[in-house]
Amino acid sequence: SSLAGWRKVSRRLSVRGVPAVTLLDERWDDRWRARWITFGDPSPDVVTGPGGVRGFWNRGDGTFPNVAILRRALDAHGGLGIEARLATAPQREQWQRARILFLPGVDTAALKASDQKKAPVGAGVVSAACGMTYPAEDGRAGAAGLGVVAGGSQVVALGRTADTTTSGEWWTVRVQILPDGRCGVAVNGRVVWLSDDPIDLDGTFWLRLGEQSADSRLLHGPMRLWTGVRTDIDWQPPRP
């Protein structure tokens, strides 16, 4: 027997979730520590970034992660998203990580009790997270890519967008957990990645920022966090 030929089947998925409801509109005012748990030595701080805009600076020196974790627990069943302005101008080829992660497994009591000069305890299960990292990896080529994670991790090439992400000026990233468990990332309003496989939405998620910024300021600026799915981006897989 023989096969007469191949058929190519395509399917367009419709993404529906509950209407988006804003949970946090973070401007990094003087009361920011009441909303965030910080970890690390030197201690993370809020500083003035480009254009006089305030931003979170993790101050990680590469020894161990320096992070901030939002104090409130999050439910992702109907969708969960964040859009943030970042200012990133990596000054070294290693120990540079601006991260935004939705992740389970955070133990806030253990985190608070951890030695600030050692690896944090209870800072979440990155292998079960949805989020992004910039630069994508160590080395000169790392700044040309965005690290993305939804269970597994991979690198997405930024192309000419990397001119923005290395400039030190503000650029915009969105991380969205869809109601079906897929994880999407958009840069400056354009979808750059959508995971094929879903993550497990059962349980509690936490928002974690930061990581490392040795000899540089990788800033997380104003950000908005919501439940549901905002409709101003079409979460279809990006075309090659």
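A salt bridge is a side-chain nitrogen of Lys or Arg within 4 Å of a carboxyl oxygen of Asp or Glu. In this predicted model, a search of the whole structure turns up 14 salt bridges.

**Figure 1. The whole protein chain, as a guide to the close-ups.** The secondary structure of the protein chain consists of two helices and 15 strands. Its radius of gyration is 18 Å, close to the 18 Å that the globule rule gives for 240 residues, so the protein chain is as compact as a globular protein of that length. Along the principal axes, the C-alpha atoms fill a box of roughly 70 × 40 × 35 Å. Of the 240 residues, 50% are buried. The accessible surface comes to about 11,900 Å², and carbon and sulfur atoms account for 47% of that area. Among contacts between residues at least 6 apart in sequence, 71% join residues at least 24 apart.

Figure 2. Side chains of opposite charge can pair when their charged atoms come close. The side chain of Arg35 forms a salt bridge with that of Glu26, with an N to O distance of 2.7 Å. Arg35 also forms a salt bridge with Asp29, where the closest N and O atoms are 3.0 Å apart. Glu26 has a relative accessibility of 1%, so Glu26 counts as buried, the limit being under 20%. Arg35, with a relative accessible area of 22%, is partly exposed, and Asp29, at 26%, is partly exposed too. Salt bridges that share partners join Glu26, Asp29, Arg31 and Arg35 into one network.

**Figure 3. Arg208 and Glu211, a buried charged pair.** Arg208 and Glu211 form a salt bridge in which the closest N and O atoms are 3.2 Å apart. Both Arg208 and Glu211 are buried. For Glu211 the relative accessibility is 10%, so this residue falls under the 20% limit. Glu211 lies in strand β14, which covers residues 206-213. The backbone of Glu211 has a phi near 160°, a positive value in a residue other than glycine.

Figure 4. The peptide bond from Asp41 to Pro42 is cis, and its omega is near 10°. Pro42 sits in the loop between β2 (36-39) and β3 (45-48). Another cis peptide bond joins Tyr134 and Pro135, with omega about -10°. Pro135 is in the loop between β8 (130-134) and β9 (145-150).

**Figure 5. Asn188, a loop residue with positive phi.** Asn188 is found in the loop between β12 (183-187) and β13 (190-194). Phi of Asn188 is near 50°, which is positive although the residue is not glycine. The relative accessibility of Asn188 is 40%, so Asn188 counts as partly exposed.

**Figure 6. The nonpolar cores and the surroundings of Ile100.** The largest nonpolar core holds 42 residues. Within this core, Trp36, Ile100, Phe102, Met132, Leu146 and Leu207 touch the most other members. Leaving aside its neighbours within four places in sequence, Ile100 is in contact with residues from several parts of the chain, among them Ile82, Ala84, Leu86, Cys130, Met132, Val173, Val175, Leu207 and Leu209. The contacts of Ile100 also include Gly131, Arg208 and His220.

Figure 7. Gly105 is in the loop between β7 (96-103) and α1 (108-113). With a relative accessibility of 44%, Gly105 counts as partly exposed. Gly105 and Phe205 are 100 residues apart along the chain, and their C-alpha atoms are separated by 7.6 Å. When neighbours within four places in sequence are left aside, Gly105 is in contact with Gly122, Gly124, Val125 and Thr204.

Technical notes:
Residues numbered from 1 in each chain as written. Predicted model: local features only at pLDDT ≥ 70, side-chain atom pairs only at ≥ 80, totals over all residues. Heavy atoms only, no water. Buried < 20%, exposed > 50% of the residue type's maximum accessible area, 1.4 Å probe, protein only. Helix = DSSP H or I, 4+ residues; strand = E, 2+ residues; numbered from the N terminus. Core = buried A, V, L, I, M, F, W, Y, C linked by side-chain atoms within 4.5 Å. Contact = heavy atoms within 4.5 Å. Rg over C-alpha atoms; globule rule 2.2 N^0.38 Å. Areas by Shrake-Rupley, 256 points an atom, 1.4 Å probe, with all protein chains shown as cover.
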